[in-house]
Amino acid sequence: MTPTRPLLLVILAALAAAIGFAAVGLWESVFGRTFPVPLMASVTLFVLALAIFFWALTIRPRSVGKPGPTPVDPFTAARTAALAMAASRTGALVAGFYLGAALAFSAKLYLPVGQERFVFALLAAGSAILVVLASFWLERICRLPGDGDDAPGPRGQDGEPTDWALPRDGRTP
């Protein structure tokens, strides 16, 4: 599993920002009213960021290998890292979308509804950025020593990497 690169998150956010900007204009041209941006979107994203942050706080002492707490199982660490990767990518997409919507609403700041939607979109984008940061930190915590795709692993008779979970000798695990 390759770690998440910040450049990937920036590219996803930029693409989603373009979609968010276009969605606001399309919504207004089709329906004749402003694009709805619920305040609960930012609240929900903030609660999700807090949950991921506290998850990282609870798993961190178990993953550093200090004496005391029970060490985290490698499978649990891998699953947690996969979930953190998904959350960081999703958070980048949501943050980009709402930043694009905020950019579209910035042209309508003279209207009270435009001001409200602009603020709500910025709050949602800020909460999504917190999700990205918490997920990125959780993924970093869950890295195992020697974790990496370029590390040489055990090789089979044919020179291919072995699959320890599903042996190739015909036996079922």
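Buried here means under 20% relative accessible area, a cut-off to keep in mind for these close-ups of a predicted model.

**View A. Aromatic rings gather around Tyr98.** With 13% relative accessibility, Tyr98 falls on the buried side of that cut-off. Its ring sits 5.6 Å, centre to centre, from that of Phe97, and the two planes meet at 85 degrees, so this pair is edge-to-face. Zoom out a bit and ring pairs join Trp27, Phe31, Phe35, Phe97 and Tyr98 into one cluster. Across the whole structure, a search turns up 6 aromatic pairs.

**View B. Ile59 in the largest nonpolar core.** This core counts 17 residues, and Ile52, Ile59, Val131, Leu138 and Cys142 have the most contacts inside it. Leaving aside residues up to four places away in sequence, Ile59 touches Val72, Thr80, Leu138, Ile141 and Cys142. Another core, of 13 residues, lies apart from this one and includes Val24, Ala102, Ala121 and Ala124.

**View C. Lys108 reaches Glu28.** Here's one of the 2 salt bridges found in the whole structure: the side chains of Lys108 and Glu28 meet at 3.3 Å, N to O. Lys108 is in the loop between H3 and H4, while Glu28 belongs to helix H1 (residues 6–31), so the pair ties together parts 80 residues apart in sequence. Lys108 is partly exposed, at 21% relative accessibility.

**View D. Arg117 pairs with Glu116.** In this salt bridge the closest N and O atoms are 3.9 Å apart. Arg117 is buried, with a relative accessible area of 16%, whereas Glu116 is partly exposed at 39%.

Conventions. Residues are numbered from 1 along each chain as its sequence is written. This is a predicted model: local features need pLDDT of at least 70, side-chain atom pairs count only at pLDDT 80 or more; totals for chains, interfaces and linings use all residues. Side-chain values use heavy atoms; hydrogens and water are left out. A nonpolar core is a set of buried Ala, Val, Leu, Ile, Met, Phe, Trp, Tyr and Cys residues joined through side-chain atoms within 4.5 Å. Buried means under 20% relative accessible area, exposed over 50%, partly exposed in between (1.4 Å probe, protein chains only). Contact means heavy atoms within 4.5 Å. Rings of Phe, Tyr and Trp (its six-membered ring) pair if their centres lie within 6.5 Å; planes under 30 degrees apart count as stacked, over 60 as edge-to-face and the rest as tilted. A salt bridge is a side-chain nitrogen of Lys or Arg within 4 Å of a carboxyl oxygen of Asp or Glu. Helices (H or I, at least four residues) and strands (E, at least two) are DSSP runs, numbered from the N terminus.
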